[in-house]
Amino acid sequence: MMQLGQYPAPTLVIAHFSDPHFRGDDDGMFGVIDTRANLVAALDHLERSGSAPKAIVFTGDLADLGEPGAYRRLRASVEPVANRMGTRLIWVMGNHDERAAFRRELLDESEPVETEPAPHDRVYDIDGLRIVVIDTTVPGYHHGELSDAQLDWLAGVLASPAPLGTLLAMHHPPIPTTVEVMAILELQRQDRLAAVVAGTDVRGILAGHLHYSTHGMFAGIPVSVAAASCYTIDVATPSTALSGVSGGQSFSLVSVYDDQIVHSTVPVGDFTAVTGFTDAFLENLSRMSPHDRLEAFSSKRSPYTVADIEAL
Ligand SMILES: [Fe+2]
Ligand SMILES: [Fe+2]
């Protein structure tokens, strides 16, 4: 990536997907949603973008009903793309997931059948960026909770900083929602999490669950919620009840810089390209001095036309 402004290229990029809600035996949802086709389109968009993410983080609700077959089908859809891009896959538990099937089918791990599956809490090192996955799910329920043991574990992990800082990845976002019914399903007792993460090297919180892209702050830390890849929730409706729609699916690109992290929402759909520049055009701009570049591309009295710059 060439540098045409004040910032160099990001140190690394992470792709943030959420809520694919795969089914065990078919792809349909509500008669109009094709969960697999929607995710494949989003992954295809990511792969064609050349963004080269170091990891793809899926913030939960990977399966709709927690069936083992849903995880197998999800894995078959995602792993070939991740392998081609040479990117890590990071899976987060959501309230629609079931821990035992999640572990067995996605992570090739198994637990003794008589054991209640433990929360899926993990630490990943992505070229110096620490991604901490924490499981906010409550078996048998859709709201979120974190146990004392999980919070103690998180405090222990965060006791020493990582070279590029930490991203916390969780399903239930610790920010308010204006979709009133979803507020019932929020992460409970968020003050306890705030006490653990405040003042640490956590630079961002990635979450899902809400099915619409939204951002906020929690304990001084930016929170970014990626919309679902299956169906989305329209927050701008007259009703404050839930309105799920077939459209508006997106994923996020998380660009990690030395002094900040930028979250960019990427809409997924069959859009008509209406304008743009060629790589050669940018290449020519990059060869100019900063002054000439401003005159060529910023000045409203620019002496250059697009054809001039392409011909330079
Ligand atoms: Fe969901
Ligand atoms: Fe959820």
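Before I start, a note on classes: I count Ala, Val, Leu, Ile, Met, Phe, Trp, Tyr, Cys and Pro as nonpolar, Asp, Glu, Lys and Arg as charged, and the others, Gly among them, as polar.

**Ground rules.** I'm working with a predicted model, where local features need pLDDT of at least 70, side-chain atom pairs count only at pLDDT 80 or more, and totals for chains, interfaces and linings use all residues. Residues are numbered from 1 along each chain as its sequence is written, chains are lettered from A and ligands numbered from 1 in the order in which they are written, and side-chain values use heavy atoms, with hydrogens and water left out.

Entry: A volume is the space filled by probe spheres set on the points, which are joined across faces, edges and corners. I found one cavity of 30 Å³ or more, and the volume of the largest cavity came out at about 40 Å³. By class, that makes five nonpolar, two polar and one charged.

**Entry: pockets.** A pocket is an open set of points with protein on both sides within 12 Å along at least five of seven lines. The largest pocket holds about 300 Å³ of space, and its lining has seven nonpolar, four polar and no charged residues. Among those lining residues I noted M1, P10 and Y257. The second largest pocket holds about 230 Å³. I counted 16 residues around the second largest pocket, with H21, H96, M182, H211 and Y231 nearest its centre.

**Entry: iron.** Next I checked what holds the iron ion (ligand 1), taking as donors N, O and S atoms within 2.8 Å of the metal (3.2 Å for Na, K and Ca); water is not among the atoms, so sites may look incomplete. I got D19 (OD), H21 (NE2), D61 (OD) and H211 (NE2), at 2.1 to 2.2 Å. The iron ion (ligand 2) is 3.5 Å from the iron ion (ligand 1), and D61 coordinates both.

Conventions:
1 Å grid on protein atoms, 1.4 Å probe; cavity = no way out; pocket = protein on both sides within 12 Å on 5 of 7 lines; lining within 4 Å.
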